[in-house]
2 protein chains.
Amino acid sequence: MNAEIIAVGTELLLGQIDDTNATFISRQLSEAGINVYFRQTAGDNEERLKNVIQTASERSDIVILTGGLGPTRDDLTRDALASFTGLPLKADEESLEKLKVFFESRGRELTEFNKKQALTLEGADVLPNDEGLACGSFLEHQGKKFLLLPGPPREMRTMFTQYALPKLRSGMEEQQIQSEVLRFYEIGESLLTEKLDDLIENQTNPTIAPLASEGEVALRLTVRGPSKETNEEMLYELKQKIFAEVGDYCYGEGDSQIEQVTAELLREQEKSISAAESLTGGMFADTMTSFSGASMIFPGGIVCYSNEAKIQTLGISEKLLEEHGAVSAECAEAMADGCRRVFSSDYGISFTGAAGPDPLEGYEPGQMFIGIATPEKTVSHFVNIGGSRNRIRTYAVKQGLYLLFQELRNKKGG
Amino acid sequence: MNAEIIAVGTELLLGQIDDTNATFISRQLSEAGINVYFRQTAGDNEERLKNVIQTASERSDIVILTGGLGPTRDDLTRDALASFTGLPLKADEESLEKLKVFFESRGRELTEFNKKQALTLEGADVLPNDEGLACGSFLEHQGKKFLLLPGPPREMRTMFTQYALPKLRSGMEEQQIQSEVLRFYEIGESLLTEKLDDLIENQTNPTIAPLASEGEVALRLTVRGPSKETNEEMLYELKQKIFAEVGDYCYGEGDSQIEQVTAELLREQEKSISAAESLTGGMFADTMTSFSGASMIFPGGIVCYSNEAKIQTLGISEKLLEEHGAVSAECAEAMADGCRRVFSSDYGISFTGAAGPDPLEGYEPGQMFIGIATPEKTVSHFVNIGGSRNRIRTYAVKQGLYLLFQELRNKKGG
């Protein structure tokens, strides 16, 4: 069974945005064992949309359309599929009701344009949209499967993984596909893949694919086999080989990134952490509160961008700032101590340095001190990160989380 | 004249990398006044590559292939085009010489596989590769134009802009293209496009395209004409028509999003703002410090996730929390007042509410109070945002920025 993805949107053809939806769906299908041989992109034009649907349905078993389900005149994907299949459009009552409630709660009128978002094709199964208003559709027609998915990535991703993929999978040959992710820190992607070169090159089942993301390196291991037990055994063996080479750098497995793994360690140990952020400007706090249940381990943080703020909110002494400057090991340690005291938390973490683009107090962009205060001691680490302001801030938060993780893991081990 | 882009590479279809090449070429063509109506992606398979070239050449005047020109067995794009057109492949002497010199200088043998990189089609113009070894080709065949470009983005970009685009442009009418972006707040995409329905529908030059992004609505106006002056006049006229309908909702033009526009107003008025964040957990502070120069207008913020933190760091009274709860207009206002006092800033902003997934103090996820303290008064706004935890937090920050923007704009006007 093979699938073809059609991304819809004139903004794609104008080069205004990257087509990350096609990448996401491709990867999901690949992991599910469904081949993608072709992808197409088309603009918001009904005739041309029909043309690409025609082409796709001639060469692929599954045709997945993403984008063009919204309320505007430009949103024509439903109409194109209706016209291609000859099936009429009809309102899905549940989706329509959701629209009514939404508009009523905001005191706005539900216009005809907006009602379009509840339309589906006759005979299609509706795919709920948990993140938005436009419903999706799953249609089987003349031996082919068609999917209509919204364009906004958040809406598309949830709908695809929650509702569309299970439908595509049902009836597939029983091949078990399992995949695991190993997460690494303090090792670059090139060094990691170099160390595992032989394994990556010669491994066909399970496969090893490096995953790149902001300040993280991960490997996805994917195995296909007749039974769950065999698969797990094969994955286990491969993992042992990987750990033998680079096990020291692995901080976790699965979907949990370093912030969740660290939060989990704090929860297990019933400890809390607070933050004092200059360089990272609130990004560490934002990261720690991005998942639910944060209040148990993160009472709060202070963003102290100015020196006055450092003095007033954290009790840093003017003398320290004069003698050592705000970008210093001494200041980082005093900030970590300060927030630990203010929030009565078990740990305190701090970030001070030059985010760029200009140097700060003689430090180049990317140079920084990260302070960690624990019940026993307060230390600081000098870190140097390259790249843009945003990259420096993002990687700084990751680096702080790695340091905290090591601290907590040592506790656990001891 | 219209072009179709074909990105070649199995790694694309496996979702291992985003197809940034297609985005780059799309934008370059759009700016050159060449329409892109379709794009395709195919893997490293000669038969399927012939299939996509066939499809493309039936519906497009220019077919641009990128990727698959390298030295490995998997690099089959040249072979596919040769097979499709029936033209033989032949070595380009200059490219071959370059390969010989390259391998000699490294003391390595030039293998037959590597020689492939110097192949072009009979009758095609060779496009030099200033950044790598595989040469490109430009072919006119049976009224269609074909381009072969390498896949590595750096090689492709240089070859495309330096050598390919001039060939496509030669013989084209000289047309100027200009584009502007208008940014809106407190108006959904559907309401905006509804109000401008007639304009969007009947406008062909300039065109009006809605751009969707997280919690923002924008319109891109693009004009094509013989001279810059005429273009600017046409854009001006269109903008007047748009402002007449929805001018009240427009907060800015160009690349600056609401955070930059608000920061600019603060800078102009020489005012500062601090933040007290519960619901948004540092995301507002992070947004305000994401660009350089933030320290002038944003001394700092407090993330007060727990009630104890609200009491200790902002001086909120226990009585207030007991009587009204942490999710209340009263608490939002006290938080805004509190941070304004702690950081000695001109303005203070606060966020308190339920981020989800669970309700908080009887409030559903997405329900929140945003407090604004100014030198004259302190107010709060009840806001209700739908969606996931991350969406609620992201939109809350935008909403806070809109409220602050209005406050500052009124000051400016008065």
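Predicted model: local features only at pLDDT ≥ 70, side-chain atom pairs only at ≥ 80, totals over all residues.
**Exercise 1.** Find how many residues of each chain are in contact, and how much area the two chains bury between them.

*Solution.* Start by counting residues: 68 from chain A are in contact with 75 from chain B. Next, turn to area: the two chains bury about 5700 Å² between them, and 48% of that lies on carbon and sulfur atoms. Finally, look at who contributes on chain A: A:Leu13, A:Arg39 and A:Arg154 supply 11% of the area that chain A buries against chain B, more than any other three residues.

**Exercise 2.** Work out whether A:Arg73 and B:Asp197 form a salt bridge.

*Solution.* First, recall the cut-off: a side-chain nitrogen of Lys or Arg must lie within 4 Å of a carboxyl oxygen of Asp or Glu. Then check the pair: the closest N and O atoms of A:Arg73 and B:Asp197 are 2.5 Å apart, so the pair forms a salt bridge.

**Exercise 3.** Describe the side of chain A that touches chain B, by element and by class.

*Solution.* Begin with the elements: strand 2 (residues 35-42) of chain A gives the largest share, seven residues. Then sort by class: this side of chain A has 25 nonpolar, 28 polar and 15 charged residues.

**Exercise 4.** Which strands of chain A and chain B pair, and in what sense?

*Solution.* Look at strand 14 (residues 300-304) of chain A and strand 14 (residues 300-304) of chain B: they pair in the antiparallel sense over five bridges. To follow one of these, take A:Gly300, whose bridge partner is B:Cys304.

Definitions and conventions: Residues numbered from 1 in each chain as written. Chains lettered and ligands numbered in written order. Heavy atoms only, no water. Contact = heavy atoms within 4.5 Å. Buried area = accessible area lost by both parts, 1.4 Å probe. Helix = DSSP H or I, 4+ residues; strand = E, 2+ residues; numbered from the N terminus. Nonpolar A, V, L, I, M, F, W, Y, C, P; charged D, E, K, R; others polar. Pairing = 2+ DSSP bridges.
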